[in-house]
Amino acid sequence: MKSGIYLVATPIGNIADISLRALDVLKNADIIACEDTRITKKLFSLLAVSTSGKSFVTMHDHNEEDISQSLIDSASSGHIVAYVSDAGSPLISDPGYKLAKKCRKQNVYLTTIPGACAAICALQLSGLPSNSFTFVGFIPNKDKARKDLFTKYKNYDSTLIFYETANRLIKTLEALKDIFPHREISVAREITKLYEECKTGSVDELLTYYSDNQPKGEIVLMVAPSNEEENIDYEAELIQELKKSTLKTAVKNIVEKYNLNKNEVYQKALELKNG
Ligand code: SAM
């Protein structure tokens with residue numbers, strides 16, 4: 001096997017998803033770089049791959065800059081270096097980007113050993129359009145940052161893919177409801193594991209479902225591309241409503257009829273009334 005850096009994907013739940021090539025690289029590697037040596041050594045044990053004679057090096061977000069250079073130096077001096085993240089594909093909301101960038105710049109052999117990636121598996125399960133998609137990664141925890149992120153992607157004409165945690169799902173769905181009231185949403189949970197589940201529907205349907213069934217485990221959240229329903233032209237109808245009722249009632253009627261964002265319709269009503 002050629003010396004260099006091997007980016008090795010590992011299973012996201014089902015150990016049998018390891019590839020034959022991944023096994024081969026893990027068996028032959030001199031150096032195993034990983035996020036957490038305990039997790040990776042457990043993986044080796046489940047795969048019945050011996051750890052003896054291999055050195056394990058920790059590389060995570062906080063030390064990637066320094067460690068990646070020493071991995072590259074080892075690869076350049078003839079070693080086989082495998083990088084694995086805790087689960088799934090390296091670089092996808094996981095470390096590895098700086099390592100890959102340095103390999104390109106320094107002309108060091110870099111290859112990928114493909115395998116599971118939660119984002120792609122979730123898209124396959126969702127039933128949402130797969131011809132064009134945008135992987136956004138983790139959703140920020142703070143209300144404003146979350147809202148800003150959703151607003152930024154509001155008009156993207158592609159399926160949006162986010163990573164999320166179970167304990168934040170309800171809050172995130174509520175925030176999605178404000179920005180994407182008409183979109184189909186999909187939640188893929190525990191992919192490749194015993195309780196794998198995928199639910200696709202309106203935000204309200206998912207909010208009802210997950211209020212009754214407390215979400216658990218690992219989650220990928222997806223939002224369908226922007227659609228025509230969102231661009232409902234309600235202005236003419238709002239003008240008629242404003243002629244026959246108060247501003248408050250007119251806004252309420254339009255919001256309820258088209259399931260629109262209340263603040264947006266209120267602003268529009270004010271503009272019409274004042275202008
Ligand atoms: N690099 C990994 C990959 O390729 O899937 C993702 C790593 S990221 C740190 C971990 C996030 O991926 C989890 O919080 C969850 O959102 C998602 N994830 C990982 N495994 C999953 C699974 N089996 N089912 C659903 N989502 C999963």
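On a 1 Å grid over the protein atoms alone, a pocket is an open set of points where a 1.4 Å probe fits, with protein on both sides within 12 Å along at least five of seven lines, and its lining residues have an atom within 4 Å of a point. Grid points are joined across faces, edges and corners, and a volume is the space filled by probe spheres set on the points. With that in hand, let us walk through the structure. This is a predicted model, where local features need pLDDT of at least 70 and side-chain atom pairs count only at pLDDT 80 or more, while totals for chains, interfaces and linings use all residues. Residues are numbered from 1 along each chain as its sequence is written, and side-chain values use heavy atoms, with hydrogens and water left out.

Start at the largest pocket, whose volume is about 790 Å³. Its lining has 33 residues, and I12, D86, A87, G88 and E218 lie nearest the centre. Two or more lining residues come from each of α2 (37-46), β7 (159-165) and β10 (218-223); helices (H or I, at least four residues) and strands (E, at least two) are DSSP runs, numbered from the N terminus. The biggest contribution is that of α2, with four residues. Sorted by class, the lining holds 17 nonpolar, eight polar and eight charged residues, where Ala, Val, Leu, Ile, Met, Phe, Trp, Tyr, Cys and Pro count as nonpolar, Asp, Glu, Lys and Arg as charged, and the others, Gly among them, as polar.

This pocket is also the space taken by the ligand, meaning that more than half of the ligand's atoms lie within 2 Å of the pocket's grid points. Around the ligand are 19 residues, with S89, I92, D94, A118 and I219 coming nearest; a residue belongs here if one of its heavy atoms lies within 4 Å. In this shell, β10 gives the most, with three residues, and the classes divide into 11 nonpolar, three polar and five charged.

Finally, visit the second largest pocket, with a volume of about 270 Å³. Of its 13 lining residues, K177, D178, I179, N261 and K262 lie nearest the centre. Here α6 (143-152), α7 (169-179) and α11 (262-274) each give two or more residues, and the lining comprises three nonpolar, four polar and six charged residues.
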